[in-house]
Structures are given as structure tokens and as C-alpha cells.
Amino acid sequence: MVGDKWTMQVVKHLGNGTMRFNELRRTIEGISQKMLTTTLRNLERDGFVTRTVYPTIPPRVEYQLTDLGCELLIPIRALSEWVSENRYRIEEARARFDHKHG
């Protein structure tokens, strides 16, 4: 689960600090409400994220990385950096493949 697209993005964004659900949803382009809910639940279940509910009306819910989640940021940031540095190579490979098989 750790390597899937949405998990990596949620962890990366929570690495900037505590966020509310709708903040995350606005920040992560293309994620649906259902997928964000599922991803956050799985991250909480695995010990990467804590969920805090404040007894206000309406209830305020915040998500934050645990120590384990902060440790996960190290490889996620490294992978993110690698993808950024090699994006053009990946795009070239895709274009060659599509041209050959298209």
C-alpha cells in the first residue's frame, strides 16, 4: 500500500504539517473524496497517520503524520526527487513505446 500513488501524495503533503480533510482534497489534484477517505483510513490503520476529531459543530478533523509516517517521508521525498529529475527520460521512453506499438 505504501507505494501507491495516492498514499505517497497524502504522506508527502502531510509532511508539511497537520491538515484537514478538505485541505488535503484541494491540494491533491485528481483524488476523489472516497479515495482520500480510504487512503487516510489505511494510513491510520498502518500507523502512519493520526486522526484527531475536535468536538465542534461541525466536527473538525485533522490528520497528522506519526513518527513512523515522518520516517516514510525520507524514501518518498527521494523517489519524488528522482521522478522530477528523470521525468523527461520517462516521457521519451513512453513516446518511443507508443510510436512502436501505436
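## Helix packing

Helix axes here are lines fitted to C-alpha atoms over the stretch in contact, and angles run from 0 to 180 degrees between N-to-C directions. Helices are DSSP runs (H or I, at least four residues), as are strands (E, at least two), numbered from the N terminus. The model is predicted: local features need pLDDT of at least 70, side-chain atom pairs count only at pLDDT 80 or more, and totals for chains, interfaces and linings use all residues. Residues are numbered from 1 along each chain as its sequence is written, and side-chain values use heavy atoms, with hydrogens and water left out.

Helix α1 (residues 5-14) packs on helix α4 (residues 67-101) at an angle of about 110°, and the axes are 9 Å apart. α1 is therefore roughly perpendicular to α4 (65 to 115 degrees). Contact (heavy atoms within 4.5 Å) involves Met8, Val11 and Lys12 from α1, and Gly69, Leu72, Leu73, Ile76, Leu79 and Ser80 from α4.

## Nonpolar core

A nonpolar core is a set of buried (under 20% relative accessible area) Ala, Val, Leu, Ile, Met, Phe, Trp, Tyr and Cys residues joined through side-chain atoms within 4.5 Å. The largest one has 21 residues, and Leu14 and Leu40 have the most contacts inside it. Two or more residues each come from α1, α2 (21-27), α3 (33-45), β3 (60-65) and α4; α1 gives the most, with five.

Not counting residues up to four places away in sequence, Leu40 touches Val10, Leu14, Phe21, Leu24 and Tyr63.

## Leu68

Leu68 lies in helix α4 and is partly exposed, with a relative accessible area of 40% (the class between buried and exposed, the latter over 50%, with a 1.4 Å probe and protein chains only). Beyond neighbours within four places in sequence, Leu68 contacts Asp46, Gly47 and Phe48.

Definitions and conventions:
Angles under 35 degrees count as roughly parallel, over 145 as roughly antiparallel, 65 to 115 as roughly perpendicular and the rest as oblique.
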